[in-house]
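Hello,

Here is the structure we spoke about.

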Amino acid sequence: MKCGDIKKKLDKLIHNRSTVEGQWDLISKYVVPYRGGFSNEGSTEGSVNWLENRRIFDSTAPNANGVLSSSLHGAITNPSHQWFGFRFRRDELSEDREAAQWLRDCSQIVFETLRDSNFNVQANEAYIDLTSFGTAFITREVLETPDGDFDDFLFQCPLLEESYFEQDYRGRLCTYFRKMQWSATQIVSKFGIDNVPDKIATAYREGQVEADICVVFAVYKRDGEKDVSRKMAPDLRPVGYKYMLYDDSTPLGDEGGYYNMPSLVMRWRNTSGSIWGNSPAMIAMPDILTLNELVELILNSLEKVVDPAVITTERGLMSDLNLGAAGLTVLRNIEDLKPFESRARFDVAELNRDKLQQSIRSIFHVDQLELKNSPAMTATEVTVRYELMQRLLGPTLGRLESDFLDPLVTGAFSDLMRYKRLPLPPESVVKSKDPTVTVQYTGPMARAQKIDQAQSLSSFLTTIAEIGKINEAALEKVDWDQAVALMSEYHGVEPKVLKSEAKVKAERKEKIDQQNKMAQAQVMEQQGKAQSAIAEGGAKLSSIP
């Protein structure tokens, strides 16, 4: 894409998005203060309003949004344990011991690499945007060493106010623009002082520190299919990117490239007729605004009760009214000076306040996510909590897996494979006609989706076992090996706990051979006893005269 075309397309996207920015501005004020603003011009340090939260008179909405976003982070991409794995699409490869072990080693390396990067920090910010604004972005870049080897992953969660995108016919992000306010120091540190326009170089030399230069970062797909399994020059990669100045479309640096789309977009719920998502904060906004106004009214009324106004007659006061410590006020009649009682109904106000707070917490699912106030929850309570989350957030989880987690994990896998950071696949995988690898999620939220299946299977097996006590033929109807494999999958048990098919067959064959040997020994023993009895009987007959 040429810089002029980028500018034209970006201007159209900016114009089309203006209708939703009013709603986002309310959310940034009352739900996620300090997370960007859509009515502020510029992003210099002096433009930041550190008293942003003074317009909030009730913190129910920010707290509820924090609980929901933290619950998502802990249930889907919890950094304390491996929340994903890989499996082959073909069952033959999955049953191959060597291939399965290779895939487990790969998943462990990918997870450790993501955990060692800044992914968890930026993912938390993305979840906050997702539950509040309904749309969140996260970008992933590969950092290389000076000799071109893999160094690390760099993740960023850009502000929603900076981000614009287009989607393809399948609803996936295909073009991404980021409109940023940079200082001259940031631009020079990125591209070098010899590769920037003279005005920026001059501002850098003069020590300008204000972030008032508008820079555009554009990511777009190039035409044609390309083989991304090998390394290639940046200008030949499937996805290209450019930096440019927004005002005059001056390019900054050379055009670069990625092997796959580095930017990912997440949406809480799809909005009809719009590419932007909607969120619980948008649904709760009427209650949030009403509660904020109500609490402000309560505080104003409370001020009148704590420090009430004073009423007097026209001639009752002979000096200035002095209500300070040791103050003296002269009156004609002591009855001429009285406090004004507002007769405010705080009980009614508090009742409505509690209802609004409960409504907001319910919209953010806080009442379902928090079981009780206790120092620790039992294992059963934890299971119930994740089951509730699965029922409430199941559709959102499916959308996150498709738009966010799948491209994130598969992209990291392909990048590490390309840079030879993963072990070489075994011969069975190389010779397979379909070695396709899919992502299998093993986090608490993903396991909660399989709890119903596990309970159904467990109930079925228990029933069959009871029937088997009466009629053993019922036990022969069940493939017990398959049942054990499914139960281990539903409960997220590590595959290495189970024996391989080859080992199970070998042990069963050995057991059958031992049983056959024991049976043959018993037959030979019985035959020996019979021959001894016959011989003994014959001896007795021969001794008869």
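A crossing is left-handed if the near helix is turned anticlockwise from the far one by less than a right angle, and right-handed if clockwise. This is a predicted model, in which local features need pLDDT of at least 70 and side-chain atom pairs pLDDT 80 or more, while totals for chains, interfaces and linings use all residues. Residues are numbered from 1 along each chain as its sequence is written, and side-chain values use heavy atoms, without hydrogens and water.

Helices here are DSSP runs of H or I, at least four residues, numbered from the N terminus.

By that rule, α2 passes α9 in a left-handed crossing. The axes of α2 (residues 18-30) and α9 (residues 280-306) come within 11 Å and cross at roughly 55°; axes are lines fitted to C-alpha atoms over the stretch in contact, with angles from 0 to 180 degrees between N-to-C directions. The two helices are therefore oblique to each other (angles under 35 degrees count as roughly parallel, over 145 as roughly antiparallel, 65 to 115 as roughly perpendicular, the rest as oblique). In contact (heavy atoms within 4.5 Å), Gln23, Trp24, Leu26, Ile27 and Tyr30 of α2 meet Ala281, Met282, Met285, Ile288, Leu289 and Asn292 of α9.

Helix α3 (residues 60-76) and helix α10 (residues 346-363) have axes that come within 9 Å and cross at roughly 25°. That makes α3 roughly parallel to α10.

As for the cysteines, the structure holds zero disulfides (cysteine sulfur pairs within 2.5 Å). Cys157 is buried, at 9% relative accessible area (buried is under 20%, exposed over 50%, partly exposed in between, with a 1.4 Å probe and protein chains only).

Regards
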